[in-house]
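Biologist: Before we go through this model, I would like each label set against its cut-off. Where shall we start?

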Amino acid sequence: MSGTVPSPHGSPAPTPVVPSAAALSAHATSAAALAATRRQVLVGGAVGLGAALAGIGAPAAHAGTAPRARSRVSDPFTLGVASGDPLPDGVVLWTRLAPDPLAEDGLGGMPDRRVRVLWQVSENEDFRGVTASGHVETGPEAAHSVHVEVNGLRPGATYFYRFRTGNEISPVGRTRTAPAPGSSPDRFSFAFASCQNYTQGHYTAQAHLAEEDLDLVAFLGDYIYEGGGQGTIGRGHLPAHETTSLSDYRIRHAQYKTDEGLRAAHAAFPWAVVFDDHEVENNWADDTSYGQDVDPREFLRRRARAFQAYYEHMPLRSAQRPDGPDLPLFRRLSYGDLVDLYLLDTRQYRSVQDDDGRDDPGRTLLGRRQRKWLFDGLAGSRARWNVLAQQVFFSQRDFADGDDTAFSDDAWDNYRVERDIVRDRLAHAANPVVVTGDVHANYVCDVKADFDDPDSATVATELVGTSFTSGGDGLDQRPTDAVQLRENPHIHYVNRRRGYVRNVVTSTEWTADYRVVDYVSEPGAPVGDLERFVIDEGTPGVRPRG
């Protein structure tokens, strides 16, 4: 493809250490006092905050023009640790070495050379008995990021992991593998969330998320925001301009991870991540910049830089490593015969937004290859619940009162024919549920066989989660929400508080708790249950349950 750039060099495959990384264990004994203050501490089954994070030494947030404090050069783990994409026998482990994470060159204060990083996995938080260990090398071409794909673990098991380079040991993370193929787990507990604009709110909800009891977090996009806004709460973006270069995107990702609440949530559970638009640019589509006259070749070069930085900061497998402006993001995670989770990409392959073309059958949001992959997966699934984890509003949403109509040009409504085809395929899958982010509000929707006929069959359920922080403190409803509820009788609920959706899935029902904080403009807001909805197995649609 013209306009591409070379793919970044990732870390090589891990080299096993036999028998069990004795050097790391010996160092852990001599550095016990350091590790006790720096590692994540488990409290009540979740990774706690406070002392658990006090020793990481990440710099505080600053406005774009303020002087920036520097971390100790000897502390490379300022961005914490993470795990992701669990399989029955393993997970991805992630960290990035960055003693000065906001360094202006985007390289995190690391030397211009490759560095050896040791890793260790144990069933015990104190690492008495090491299950797996090894080492990798990483260098400046990957911003000294580390991706380790650990295999050979037990299905459905909890593990702890950590890294070491030189004399420094990372915080401890906790992760969990997926159940064995063909097994019948009693439950699957996960949360989904999206949209965490750093300048618009403190990451209080992420800190509360870290204290939940979950198997997985599904993050549905807008992990960073590309703009240069400084906001009004003392958390201005760095750099203080829109991100376009590779160093810009690296600094922006690092800045977001300097927040201890976000680090704690990553260290507590495996995450499955997908991007939306702001990881690159607002409302982009395929090779096209939204509303700007940019040569598609130049936009693809920008997209390649954004994707490289995204991969460097996410717990993604090598299968998701970008090749220039192409990042193969869509994939499926399975939890025994209980849940198949399809992680979709609604950006890379979409037709350009066009209000006049929403009924054009040639327009696509998924692209032909991803659509075939999804339909083949749904047709062959043996799971009791089939879940689409994706970015933009799926159900019809008419904003206009009366006989007029008005739809979002960035949501599935702008790709109506393909949306209806996907809906019809979902109707033939077992217990289909769509989980969605993007719109900074909580919604609950019946997916109708005909959205224009309220009496038509309900074929699936859509749960839409609010933002972590984007949009600021939020409120219960806007005056215009009454119009949405009136014009779209399949939408049962709208609320605009900030938070996340916690879900417990069993063989008989799906329970969704909408968890919110009252404010994000200041730290310290408590979290509470706003509303609970239940989907009964075999019966599409929701019912409220107090």
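Modeller: With the salt bridge: a side-chain nitrogen of Lys or Arg within 4 Å of a carboxyl oxygen of Asp or Glu. The model is predicted, so local features need pLDDT of at least 70 and side-chain atom pairs pLDDT 80 or more, while totals for chains, interfaces and linings use all residues. Residues are numbered from 1 along each chain as its sequence is written, and side-chain values use heavy atoms, without hydrogens or water.

Biologist: Why is the pair D359 and R358 called a salt bridge?

Modeller: The closest N and O atoms of D359 and R358 are 4.0 Å apart, and the cut-off is within 4 Å, so the pair counts.

Biologist: Are R358 and D359 buried or partly exposed?

Modeller: Buried means under 20% relative accessible area, exposed over 50%, and partly exposed in between (1.4 Å probe, protein chains only). R358 has 15%, so R358 is buried; D359 has 44%, so D359 is partly exposed. Both belong to a network of salt bridges that also links D413, R416, R419, D420, R423 and D424.

Biologist: What makes R423 buried?

Modeller: Its relative accessible area is 8%, so R423 falls under the 20% limit. R423 lies in helix α9 (residues 416-426). Leaving aside neighbours within four places in sequence, R423 is in contact (heavy atoms within 4.5 Å) with F394, V447, K448, A449, D450, F451 and V459. Other buried residues of α9 include V417, E418 and L426, and the buried residues of this helix pack against α8, β17, β18, β19 and β20.

Biologist: How do you know that E123 and R154 form a salt bridge?

Modeller: Their closest N and O atoms are 2.8 Å apart. E123 lies in the loop between β6 and β7 and R154 in the loop between β8 and β9, so the pair ties together parts 31 residues apart in sequence. E123, at 36%, is partly exposed, and so is R154, at 43%.

Biologist: What about D513 and R532?

Modeller: The N to O distance is 2.5 Å. D513 is in strand β23 and R532 in strand β24, 19 residues apart. D513, at 5%, is buried, whereas R532, at 26%, is partly exposed. The whole structure has 42 salt bridges.

Biologist: Why can D354 be counted in a patch?

Modeller: Patch members have over 30% relative accessible area and no salt bridge, with like charges joined within 9 Å and nonpolar side chains within 5 Å. D354 has 32%, so D354 passes the area limit. With D355, D356 and D360, D354 gathers in a patch of negative charge on the surface. D354 is found in the loop between β16 and α8.

Definitions and conventions: Areas by Shrake-Rupley, 256 points an atom, 1.4 Å probe, with all protein chains shown as cover. Lys, Arg positive; Asp, Glu negative; His and termini not counted. Charge placed at Lys NZ, Arg CZ, Asp CG, Glu CD. Helix = DSSP H or I, 4+ residues; strand = E, 2+ residues; numbered from the N terminus.
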